[in-house]
Amino acid sequence: MDRITLNDALSMSRLVYGMWRIGDDADTSAEHVRNKIAACLDQGITTMDQADIYGGYEAEEILGNALTPELRNQIEIVTKCDIVAPVGRYADAKVKYYDTSRAHITASVEHSLRLMQIDHIDLLLIHRPDPLMDHHETGAALDEVVASGKVRAVGVSNFRPYDWDLLQSAMKTKLATNQIEMSLLCHAPFINGDLAHLQMHGISPMAWSPLGGGALFDAENAGLRNKLKTIAEACGVDDAAVAVAWLLAHPANILPVLGTNNLERIKRIGDAPKVEMDRQTWFELYTEALGHEVA
């Protein structure tokens, strides 16, 4: 498995295991979670993607209960903060909102460290752009958690280029990545400037929902599914691996975040790099996704 260097302190596996729905599994035991991580490690997938809000603020603790010192030393942990929803520890909140204040970021880091039973977070992301963000306060808070050693690298998620530039302008620490939605069904970032902005700054983006939340395989996308299936059969992989390979083929060094609770599917998510995607094949899939040929 290839690795991508985000900064001097952190590199991650090219494919990332997403733990968004880890709390939805019928089995959330420490042993079962360890089996999922082991299946990832067997493929060279060492990066685990979390967020404080996942599982109603319970997913981090599920991971923490499974971690041993030996296992922790083999993985990189990504987590996120700033979404406050009226569930779990924020059950008294009147409304779902974003909080990028220094106090909230600092408290969120402490919660994450405690729940995952770790002494540092490898990558902390601001989960959503906050309309009330004071970029000086937020930037200083992110600088502080890095300087403290509690976080190795910081980045953002779902930011547009102008959101990124605003926050970065108030920081000493270089933002390491932007995790945005990208897939054959969500391909706007390839032409709307989101990827171009990151490439210009030499930033490797992370891609959430690289299979379109499973919609890629719905009946309404039968044409695209058939093309994926044809390529998959020729390469000896499944359709999902081809869809992920489409992202890997882009020169921006995209890191897809793949989430499933099915252990057998986890064992196959490392197949995407086996697919050789030439330019014409890439555009064949892109054309089908667009619903028309390029101009």
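Visitor: Where is the place of P129 in this structure?

Guide: In this predicted model, P129 lies in the loop that runs between strand β8 (121-126) and helix α6 (135-147).

Visitor: Is P129 buried, partly exposed or exposed?

Guide: A residue is called buried under 20% relative accessible area and exposed over 50%, with partly exposed in between; because P129 has a relative accessibility of 23%, it counts as partly exposed. Leaving aside neighbours within four places in sequence, P129 is in contact with Y98, S157, N158, F159 and D163.

Visitor: How should I read helix α3, and why is it described as largely enclosed?

Guide: Helix α3 covers residues 59-66, and six of its eight residues are buried, so the helix is largely enclosed by the rest of the structure. The buried ones are A59, E60, I62, L63, G64 and A66, and the buried residues of α3 pack against α1 (30-41), α2 (54-57), α4 (69-72), β5 (76-81) and α5 (102-116).

Visitor: What is the largest nonpolar core, and which residues have the most contacts inside it?

Guide: In soluble globular proteins, nonpolar side chains tend to be buried together. Here the largest nonpolar core has 81 residues, and those with the most contacts inside it are I37, L124, V242, W246 and L285. Helix α10 (residues 239-248) contributes the largest share of this core, eight residues. There is also a second, separate core of 13 residues, which includes I4, V78, A153 and M206.

Visitor: Which residues does I37 touch?

Guide: Not counting residues up to four places away in sequence, I37 touches M19, M48, L63, L67, L71 and I75; L63, one of these, is also among the buried residues of α3.

Notes:
Residues are numbered from 1 along each chain as its sequence is written. This is a predicted model: local features need pLDDT of at least 70, side-chain atom pairs count only at pLDDT 80 or more; totals for chains, interfaces and linings use all residues. Side-chain values use heavy atoms; hydrogens and water are left out. Helices (H or I, at least four residues) and strands (E, at least two) are DSSP runs, numbered from the N terminus. Buried means under 20% relative accessible area, exposed over 50%, partly exposed in between (1.4 Å probe, protein chains only). Contact means heavy atoms within 4.5 Å. A nonpolar core is a set of buried Ala, Val, Leu, Ile, Met, Phe, Trp, Tyr and Cys residues joined through side-chain atoms within 4.5 Å.
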